[in-house]
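Please read these points with the model open. They concern one residue and the interface around it.

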There are 2 protein chains.
Amino acid sequence: MYKCNVNRMEDKIKTFSQFGDAGHGGITRYSLSKEAEMARDEFVKRMKAIGAEIETDDLANIYATIPGSDPNAKRIVMGSHCDSVKNGGNYDGILGVMGAMEVLETVVEQNIPHKHPLTAMIFTNEEGSEFPPCMMCSGILAHDYMPERFKDNFEYNKMMASRSILDPNVTFGEKLSQFKYKGDIKNRMSPDKYKALFELHIEQGPILEDAGKDIGVVTCVLGQMIYRVKFYGFAAHCGTFPMKKRHDAFHAAAEALCWLHEEIDKLGHEDLVYTTGEVVIHPCVNTVIPDYFDFSIDVRHENPEVLDQVREILFQLPKKKWQQCDCEVVLGWNRDTVYWNKELVGYVREAVEELGISHMDINSGAGHDAQYISYMIPTTMIFVPSDKGLSHCEPEHTSVEQCTDGASVMLNAVLKLDQASE
Amino acid sequence: MYKCNVNRMEDKIKTFSQFGDAGHGGITRYSLSKEAEMARDEFVKRMKAIGAEIETDDLANIYATIPGSDPNAKRIVMGSHCDSVKNGGNYDGILGVMGAMEVLETVVEQNIPHKHPLTAMIFTNEEGSEFPPCMMCSGILAHDYMPERFKDNFEYNKMMASRSILDPNVTFGEKLSQFKYKGDIKNRMSPDKYKALFELHIEQGPILEDAGKDIGVVTCVLGQMIYRVKFYGFAAHCGTFPMKKRHDAFHAAAEALCWLHEEIDKLGHEDLVYTTGEVVIHPCVNTVIPDYFDFSIDVRHENPEVLDQVREILFQLPKKKWQQCDCEVVLGWNRDTVYWNKELVGYVREAVEELGISHMDINSGAGHDAQYISYMIPTTMIFVPSDKGLSHCEPEHTSVEQCTDGASVMLNAVLKLDQASE
């Protein structure tokens with residue numbers, strides 16, 4: 001069994017954490033930003049140092065490849081993203097990039113024999129923090145291989161027209177066209193050139209930590225649906241309008257939210273998660289009764305029947321009166337549960353067992369670039385624990401030893417695939 | 001009894017509604033804006049046309065005065081503000097200005113004898129829409145006459161340093177210094193030059209309409225307190241973090257809001273009003289559990305003991321656990337109930353009775369410039385009905401007949417004071 005290098009991994013973590021340092025231990029590094037460019041500069045510098053060949057595609061996805069012994073073999077690719085949410089942490093996404101770099105560095109340093117070319121890569125705009133949607137560029141790469149019902153979500157021209165939430169005058173396509181790392185469409189990941197994808201990632205939840213395990217052998221990405229729940233009241237002056245005549249949209253939403261929690265919790269599914277994270281209120285003035293309130297609800301579970309049960313509860317909302325307000329439930333987004341390639345999952349499980357690292361099977365509640373790529377080529381993921389389960393926030397943390405263990409597992413799983421296949 | 005002119009009133013309403021027309025029947029006309037300047041231009045044009053003398057003070061408050069028969073008599077002033085909230089209506093504030101203009105126009109047209117000079121005026125920045133606080137310039141005018149505990153709220157240099165909510169680089173003082181109508185401090189309203197203030201205003205609530213009355217004889221402005229209720233949870237990823245371990249600040253706030261409504265409603269005070277109109281949520285991302293949520297609560301009642309009862313309920317919030325979040329209640333603002341001058345209220349009541357217009361006594365739930373001026377000179381207000389009780393919104397409406405009735409009541413009440421006093 002081969003092992004990656006803790007010190008080299010630590011150096012990478014410290015270095016990449018500077019690009020977008022938000023001053024409280026975490027980063028804000030939007031895709032196509034100056035900070036994202038600095039992270040790519042560092043990636044290129046380190047990958048050139050081990051003799052890797054650098055390619056960029058028309059989406060600014062970037063690939064660093066070292067050759068294998070078989071000139072006709074397809075590439076085995078490892079990677080993730082380097083962009084973050086606002087005030088995010090130093091591990092989400094970038095760990096999968098650093099892990100891929102670490103695998104290539106270890107292969108070169110230890111002169112490990114392998115047939116297939118090995119590629120480390122960065123996907124552009126996974127978070128969609130400035131330009132929605134999430135996982136935009138893996139979605140575009142895999143577009144032609146997706147089920148028909150999802151294709152429209154990642155149609156190329158539509159993605160290029162995505163508007164910045166910071167400045168609605170700027171589109172993703174415009175910003176991309178001026179980005180240092182925009183390259184050639186011929187360099188895109190494709191099934192004729194790429195054999196399989198491995199993505200190392202932090203768990204972003206507390207399950208591994210609570211179970212005392214260092215590695216999660218990921219089996220699937222949970223199905224997800226996002227709805228907006230909207231309440232329409234009317235505005236009036238706060239000092240003059242009697243309570244009984246009010247149609248207060250915020251009060252309506254608060255009541256409905258409490259009712260939703262009660263009803264969904266009654267279903268009794270321990271592994272169901274749902275989140276009401278985004279809110280719009282109008283006019284948002286302390287002297288005016290709100291005439292509009294909406295909140296997002298994101299629901300995730302492996303079993304589509306459980307999602308259907310929650311959907312049924314959601315659609316009961318408009319049939320009830322909430323503080324004399326009208327209520328509407330609108331679909332924002334959904335996806336099916338995606339199962340990883342069983343052969344690749346098997347290699348990961350064998351690798352972690354042979355390395356003697358504690359582990360368990362786990363599913364992914366979060367979405368990842370790998371899930372769209374799985375429509376195109378065989379794909380799997382490896383998780384390492386997140387301290388206290390925190391992610392998408394500045395305290396996000398995983399020990400350097402666990403990060404390095406993750407890279408070692410990926411290295412050995414990749415080598416198993418390399419040996420097993422033509 | 002003298003009567004104002006319906007057609008002239010209608011012409012003023014139509015004209016002033018153009019300045020800041022927001023396209024849905026209402027206006028957005030922030031103080032010191034181009035639209036606010038246009039409204040002052042119109043005021044000056046019409047007041048000069050009847051021979052009034054125009055003065056402006058250092059706060060851009062503007063005064064139009066016609067002389068009385070006694071050269072030594074103090075001025076009787078009528079007025080309100082011409083600025084609006086965002087997407088406000090065509091009556092809040094500006095009706096008091098148009099009513100004052102209408103009184104002066106009627107006095108001149110009908111050559112009505114009077115001893116005191118009569119002044120129509122516009123107060124700057126009553127709404128505080130761009131530059132908080134509300135009622136800023138009446139507050140500055142009355143500063144030296146206020147109870148000590150309120151003085152700091154309207155300290156001159158502090159007001160000048162108020163930052164724009166549209167552009168934090170701009171202060172009120174800077175914008176004021178470039179405003180066309182900034183004038184001389186010697187022209188400020190003061191007790192040695194002004195005898196009393198009358199303010200005509202829309203009710204902004206449904207009480208008059210529901211009672212079928214055309215005029216409200218206002219007796220006081222209700223006491224008010226504004227608190228912020230804050231919830232501190234922690235952020236985590238929506239797809240990965242188990243429900244039982246969450247500290248969801250939005251869920252906490254929703255539960256607390258429902259509890260507040262139940263507890264406050266149990267007090268059983270029909271005339272108590274409280275409003276939770278303004279919300280802050282962080283990070284407001286649909287894939288992240290909110291780690292912070294706060295809402296404002298504005299509470300109004302004539303009786304300070306009732307406000308104390310509500311305060312006691314509010315301060316129970318931090319002692320309870322809401323979804324494992326910490327809770328904090330912070331005072332934003334408060335004011336005492338302000339009673340109008342009994343002599344002036346009597347003149348208003350006599351005038352409306354003699355005119356034969358239906359009426360009732362009413363208190364004001366909303367704050368008005370008159371309330372601060374009442375610390376300096378005798379003051380009172382007259383209300384006309386608001387259709388459906390709506391205000392601070394574009395559908396705000398009062399019939400032109402009711403608006404004109406309001407002006408006629410003010411005219412005759414002013415003449416009663418004029419006759420009764422030296």
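The points below go from the conventions to the residue and then to the interface.

1. This is a predicted model, in which local features need pLDDT of at least 70, side-chain atom pairs count only at pLDDT 80 or more, and totals for chains, interfaces and linings use all residues. Residues are numbered from 1 along each chain as its sequence is written, chains are lettered from A in the order in which they are written, and side-chain values use heavy atoms, without hydrogens and water.

2. A:Thr275 belongs to strand β8 (residues 273–275) of chain A; strands are DSSP runs of E, at least two residues. A:Thr275 counts as buried because its relative accessibility is 0%, buried being under 20% relative accessible area (1.4 Å probe, protein chains only).

3. Beyond its neighbours within four places in sequence, A:Thr275 is in contact with residues including A:Asp298, B:Cys238, B:Arg246 and B:Asn286; contact means heavy atoms within 4.5 Å. The side chains of A:Thr275 and B:Arg246 make a polar contact at 2.7 Å. A polar contact is a pair of N or O atoms within 3.5 Å; within protein, one must be able to donate a hydrogen and the other to accept it, and residues adjacent in sequence count only if both atoms are side-chain atoms.

4. Chain A and chain B each put 58 residues into the contact. Four salt bridges are counted between the chains, a salt bridge being a side-chain nitrogen of Lys or Arg within 4 Å of a carboxyl oxygen of Asp or Glu. B:Lys244 and A:Glu270 form a salt bridge through their side chains (3.0 Å, N to O).

Definitions and conventions. Helix = DSSP H or I, 4+ residues; strand = E, 2+ residues; numbered from the N terminus. Buried < 20%, exposed > 50% of the residue type's maximum accessible area, 1.4 Å probe, protein only.
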